[in-house]
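Look at the sequence and the fold below.

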Amino acid sequence: MIKGKYSIDTRRMRAKIRQWERQVDAVTLADLKLYGQTAAKAMMKCTPPGNMKERPAVALRKLKERIKKDFEGDGLKSFDDDDIFWYRDGRGTLRARIGGYTDERPSPFRVIRGRASKKMQEAMKVGGRHKVEFVAGGLSEFMRRAGQYYMGRRGSTYRLKWHGVRHVTTMAAVRGEIRSRQRLAGKLMAGWKPLAHAAGTKLPSAVEKQSGKGSAKIRHSMLHKAVLEGRNAGHYPELQGLVNRQVPWILKRNRSIAKRRAKQLGKKLKK
């Protein structure tokens, strides 16, 4: 019997294992970003004004157009002193007739161009028995207080509606309100910004300018090693339902990515 001592130098093997671990960790994070990009893009497409049929940038542009049309109607008609024609009816009562009417869908406000003279306000029945008011500015606050303006579904989109009398305001106030609302377009979408940024993907510039409410974080998981969580805290009760409908497609897409990446990693570890 031959006796002897044998030793194995495990340094190279340990170094190789550490190299594999580093490769796996790097690939895991890279894969996580790819999965996150799939989710972020799907969330952007389904989040209003996204509708899964158009690119988010196109949907945002159309929303701005709807905002403008909601306030201007099918051609905003302004009035000035030259549009007011005074006459006496059969009883001798002095009345005013206002030109510039349109048979198409009107603006929710009757609009004065330039200085709102007392004569013009009287012609538009401001302060009369129908309680028509003249709104000098701050249309949003007035609309909330008046309670006759609301957002309702028209077809597949929500549009501004109103009931009751048409109050009077200035062209400048209407244009200012349009600009204010258009600047908010994409705020709900912007709730996905943290998720998109964590995944290394870009959003439409109009969305990037918004300060939406949302968060994203990477947490460790025994099952998946790492999980990227994204949350949108924007106020839209139907959003969760829209998100849930995208989950099967996201899972299917990410399983395809995982198979392809697993093959690539296997080849890399054999080297």
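Proline 204 touches Met44, Pro56, Ala57 and Leu60, when residues up to four places away in sequence are not counted; contact means heavy atoms within 4.5 Å. Proline 204 lies in the loop between helix H6 (193–198) and helix H7 (205–208). Helices (H or I, at least four residues) and strands (E, at least two) are DSSP runs, numbered from the N terminus. Glycine 186 is 18 residues from proline 204 in sequence, and their C-alpha atoms are 9.1 Å apart in space.

The model is predicted, so local features need pLDDT of at least 70 and side-chain atom pairs count only at pLDDT 80 or more, while totals for chains, interfaces and linings use all residues. Residues are numbered from 1 along each chain as its sequence is written, and side-chain values use heavy atoms, with hydrogens and water left out.

Two packed helices are described by the angle between their axes and the distance between the axes. Axes are lines fitted to C-alpha atoms, for helices over the stretch in contact, and angles run from 0 to 180 degrees between N-to-C directions. H2 and H5 pack with their axes 9 Å apart, at an angle of about 155°. H2 and H5 are therefore roughly antiparallel (over 145 degrees; under 35 is roughly parallel, 65 to 115 roughly perpendicular and the rest oblique). On the H2 side the contact is made by Lys64, Ile67, Lys68, Phe71 and Glu72, and on the H5 side by Val174, Arg175, Glu177, Ile178, Arg181 and Gln182. By class, this contact of H2 with H5 has 6 charged, 4 nonpolar and 1 polar residues. Ala, Val, Leu, Ile, Met, Phe, Trp, Tyr, Cys and Pro count as nonpolar, Asp, Glu, Lys and Arg as charged, and the others, Gly among them, as polar.

H5 also packs with H4, at an angle of about 90° and with the axes 9 Å apart. That makes H4 roughly perpendicular to H5. Here Leu139, Ser140 and Met143 of H4 meet Ala173, Val174, Glu177 and Arg181 of H5.

How much space lies in the largest pocket? The volume is about 1,500 Å³. A pocket is an open set of points on a 1 Å grid over the protein atoms alone, where a 1.4 Å probe fits, with protein on both sides within 12 Å along at least five of seven lines; lining residues have an atom within 4 Å of a point. Of the 45 lining residues, Pro48, Leu63, Met151, Tyr158 and Tyr236 are the closest to the centre. H2 supplies the largest share of the lining, 7 residues.

Notes:
Grid points are joined across faces, edges and corners, and a volume is the space filled by probe spheres set on the points.
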